[in-house]
Amino acid sequence: MIEKRSLLQTVPMMTDPLSAYIESTTAPAHRRGCPLSELRDKLRRVGLRPTRQRVSLGWLLFGKGDRHITAEMLFDEASRARVPVSLATVYNTLHQFTEAGLLRQLAVDGSKAYFDTNPTEHHHFFLEGEGELVDMPHTAAVSVADLPEPPEGMEVAGVEVIVRLRRKTA
């Protein structure tokens with residue numbers, strides 16, 4: 001016999017921050033491994049309070065594996081998922097996650113910033129016609145030679161390579 005479930009039983013419920021804190025610090029063994037609890041713990045470990053909006057946006061961001069997303073794309077996903085957030089909140093959350101090391105911000109051009117859910121150092125292809133960012137294979141050898149000396153008191157924090165691609169015309 002197939003058990004019928006209500007939508008409320010199948011969709012994780014967001015709770016207020018105090019309840020989330022109490023739940024995460026007193027979670028019984030059978031709750032360990034719960035994706036929402038793990039997300040709340042991840043936010044706490046990097047110094048962010050797991051507010052309802054951060055957890056909701058984090059669930060949308062990190063629940064689909066490594067990917068590249070803009071604030072507008074995440075806002076659209078949140079709207080479709082009926083997560084009540086403003087575009088400003090999405091931008092603020094993406095920047096907070098980036099400052100905490102959970103995301104990596106990539107400036108592809110002056111008009112749009114992409115956020116990578118894989119914050120490790122790696123390089124990208126940008127598909128100009130599609131406006132899509134794609135990870136370069138880890139086997140791709142990228143060499144950057146002859147970097148200029150940084151100014152006094154500064155050091156190179158990293159080098160990002162974005163190779164812009166477009167389809168060949170016949």
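Good morning, colleagues. The structure before you is a predicted model, in which local features need pLDDT of at least 70 and side-chain atom pairs count only at pLDDT 80 or more, while totals for chains, interfaces and linings use all residues. Residues are numbered from 1 along each chain as its sequence is written, and side-chain values use heavy atoms, with hydrogens and water left out.

I begin with the overall layout. The secondary structure comes to six helices and six strands. Here helices (H or I, at least four residues) and strands (E, at least two) are DSSP runs, numbered from the N terminus. Along the sequence the pattern reads α-α-α-α-β-α-α-β-β-β-β-β. The chain has 170 residues, of which 30% count as buried. Buried means under 20% relative accessible area, exposed over 50%, and partly exposed in between, with a 1.4 Å probe and protein chains only. Among contacts (heavy atoms within 4.5 Å), those with a separation of 6 or more are made to 45% by residues 24 or more positions apart.

In what order do the three strands of the open sheet stand? The order is 1-3-2, with antiparallel pairing. Strand 1 (68–69) and strand 2 (104–109) are at the edges with a single partner strand each, so one side of each is left without a neighbour in the sheet. For pairing, DSSP must find at least two bridges between two strands. Strand 2 is joined to strand 3 (residues 112–116) by five bridges, and these two strands form a hairpin with two residues between them.

Strand 4 (residues 124–127) and strand 5 (residues 132–135) pair in the antiparallel sense over four bridges, and His124 stands opposite Asp135. Four residues lie between these strands, and Gly131 takes a positive phi near 65°.

Next, the interior. A nonpolar core is a set of buried Ala, Val, Leu, Ile, Met, Phe, Trp, Tyr and Cys residues joined through side-chain atoms within 4.5 Å. Which members of the largest core touch the most other members? They are Leu61, Leu74, Leu94 and Phe97, in a core of 21 residues. Helix 3 (35–45), helix 4 (52–62), helix 5 (71–80) and helix 6 (87–99) are the elements that give two or more residues to this core, and helix 4 gives the most, with five. Leu61 touches Arg67, Ile69, Leu74, Leu94, Phe97, Leu103 and Thr117, not counting residues up to four places away in sequence. A second, separate core of five residues includes Leu106, Val108, Phe126 and Leu133. As general background, nonpolar side chains tend to be buried together in soluble globular proteins.

Helix 3 deserves a separate word. Its buried residues include Leu36, Ser37, Leu39, Arg40 and Leu43. They cover an arc of only 160° around the axis, which puts them on the same side of helix 3; the arc is that of the directions from the helix axis to the C-beta atoms. After helix 3 comes Gly47, whose phi is positive, near 90°.

In helix 6 we find Thr93. Why does Thr93 count as buried? The reason is its relative accessibility of 4%. Thr93 touches Arg54 and Leu57, again leaving aside residues up to four places away in sequence.

I close with the rings. The structure holds two aromatic pairs. Rings of Phe, Tyr and Trp (its six-membered ring) pair if their centres lie within 6.5 Å; planes under 30 degrees apart count as stacked, over 60 as edge-to-face and the rest as tilted. One of these pairs is Tyr114 with Phe126, edge-to-face at 6.0 Å centre to centre and 70° between the planes. This pair links distant parts of the chain, from strand 3 to strand 4, with twelve residues of separation. Both Tyr114 and Phe126 are buried.

Lastly, the charged end of Lys42 sits over the ring of Phe62, 4.3 Å from its centre. The criterion is NZ of Lys or CZ of Arg within 6 Å of the ring centre and within 35 degrees of the ring normal. Thank you for your attention.
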